[in-house]
Amino acid sequence: MDMHNKFIDINGVEMVFHTKKGAFHALHDINLSVQKGEFITLIGHSGCGKSTLLNLIAGLLKPSEGLLLCANREIAGPSPERSVVFQNHSLLPWLTCYENIYLGVERVFGGAESRIQLRERTRAALALVGLTAAETKRPNEISGGMKQRVGIARALAMEPKVLLMDEPFGALDALTRAHLQDELLKIVAKTGSTVVMVTHDVDEAVLLSDRIVMMTNGPAATIGEILDVGLARPRERVALAQDAQYAGYRTAVLEFLYRKQAHPAKEAA
Ligand SMILES: Nc1ncnc2c1ncn2[C@@H]1O[C@H](COP(=O)(O)OP(=O)(O)OP(=O)(O)O)[C@@H](O)[C@H]1O
Ligand SMILES: [Mg+2]
């Protein structure tokens, strides 16, 4: 891999949290290079450090050791070119759905575009996630799944170079989830965004990813295996349900999660 291919480059990262109860070594020796336009999922058991790794890439955490680069520059803090969809949405409760998205759009495009263009972007993002009818509602007036969709719309509307998503579909019902996965695939195909997404869902990981990064259990969690998913794009979920290659990838991830890295709670039992 030449320098050009390493859009995100993570080298020798360690993450130690200092708490009242002492130091906690969350991540150990994380090394990962992500190419421009690549779709990466992070999978692993609860508490292994997926959100921590995503927050390091977002620039919301600083590593205890090691270096993270994006486009050859050190990731020194959060930036709109790396927008995040958080695990627990994180909408401003006093703003409407429309205003929550507009705020992000204005931050990125406000300097260069007219109000009309900013409104157009906001409306398009709302329509994309099917929330046009809810645009004047506030977060406490909509369901958890709808809140999550507003968070996704906000991140997508900012057209980030890197889209970081922490279990963005975790709180959604299966049909909405499938719909948004398909929409995400279309958007990413169109924009060429680089995506790093955390998921618990094996099927989601195989359907979406170019590579699946499988993490070992903590403490001192690290990357256990990386699976290349060679399924042709565009991918179609119904056809893939019968596909032997798809089934093989799925089994490889299940093997890792339930044989090689059985959940810590089960090992103790
Ligand atoms: N700010 C913090 N201070 C102390 N410990 C932390 C902090 N953030 C995370 N941890 C610990 O680091 C480990 C990894 O946490 P993290 O949230 O990254 O896990 P995760 O893989 O995202 O889990 P989940 O799938 O449940 O979301 C956990 O043991 C957690 O308790
Ligand atoms: Mg998490």
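1. Residue classes come first: Ala, Val, Leu, Ile, Met, Phe, Trp, Tyr, Cys and Pro count as nonpolar, Asp, Glu, Lys and Arg as charged, and the others, Gly among them, as polar. On that scheme the shell around ligand 1 holds four nonpolar, nine polar and two charged residues.

2. Ground rules. This is a predicted model, in which local features need pLDDT of at least 70, side-chain atom pairs count only at pLDDT 80 or more, and totals for chains, interfaces and linings use all residues. Residues are numbered from 1 along each chain as its sequence is written, chains are lettered from A and ligands numbered from 1 in the order in which they are written, and side-chain values use heavy atoms, with hydrogens and water left out.

3. Ligand 1, surroundings. The shell has 15 residues, and the closest are S46, G47, K50, S51 and T52. A residue is near a molecule if one of its heavy atoms lies within 4 Å of it.

4. An N or O atom in the S46 side chain sits 2.5 Å from an oxygen atom of the ligand. For the side chain of T52, the distance from an N or O atom to a ligand oxygen atom is 2.5 Å. C48 uses its backbone: an N or O atom there is 3.2 Å from an oxygen atom of ligand 1. Taken alone, ligand 1 exposes 630 Å², and the protein buries 65% of that (Shrake-Rupley areas, 1.4 Å probe).

5. Ligand 1, elements. β1 (8–19), β2 (22–34) and α1 (50–58) each give two or more residues to the shell. α1 gives the most, with three. Helices (H or I, at least four residues) and strands (E, at least two) are DSSP runs, numbered from the N terminus.

6. Helix α4, length. The 14 residues of α4 (144–157) should span 20 Å at 1.5 Å a residue, and the end C-alpha atoms are 20 Å apart, so the two agree. The expected span is 1.5 Å times one less than the number of residues. E159 follows α4 and has a positive phi, near 40 degrees.

7. Helix α4, cover. Twelve of its 14 residues are buried (under 20% relative accessible area, 1.4 Å probe, protein chains only). Among them are K147, R149 and R154. The buried residues pack against β6 (82–85), α2 (97–109), α3 (115–128), β7 (162–166) and α5 (174–191); contact means heavy atoms within 4.5 Å.

8. Helix α2. Its 13 residues reach 18 Å from first C-alpha to last, close to the 18 Å expected. Buried residues include C97, Y98, I101 and F109. Their cover includes α3 and α4.

Definitions and conventions:
Buried means under 20% relative accessible area, exposed over 50%, partly exposed in between (1.4 Å probe, protein chains only). A polar contact is a pair of N or O atoms within 3.5 Å; within protein, one must be able to donate a hydrogen and the other to accept it, and residues adjacent in sequence count only if both atoms are side-chain atoms.
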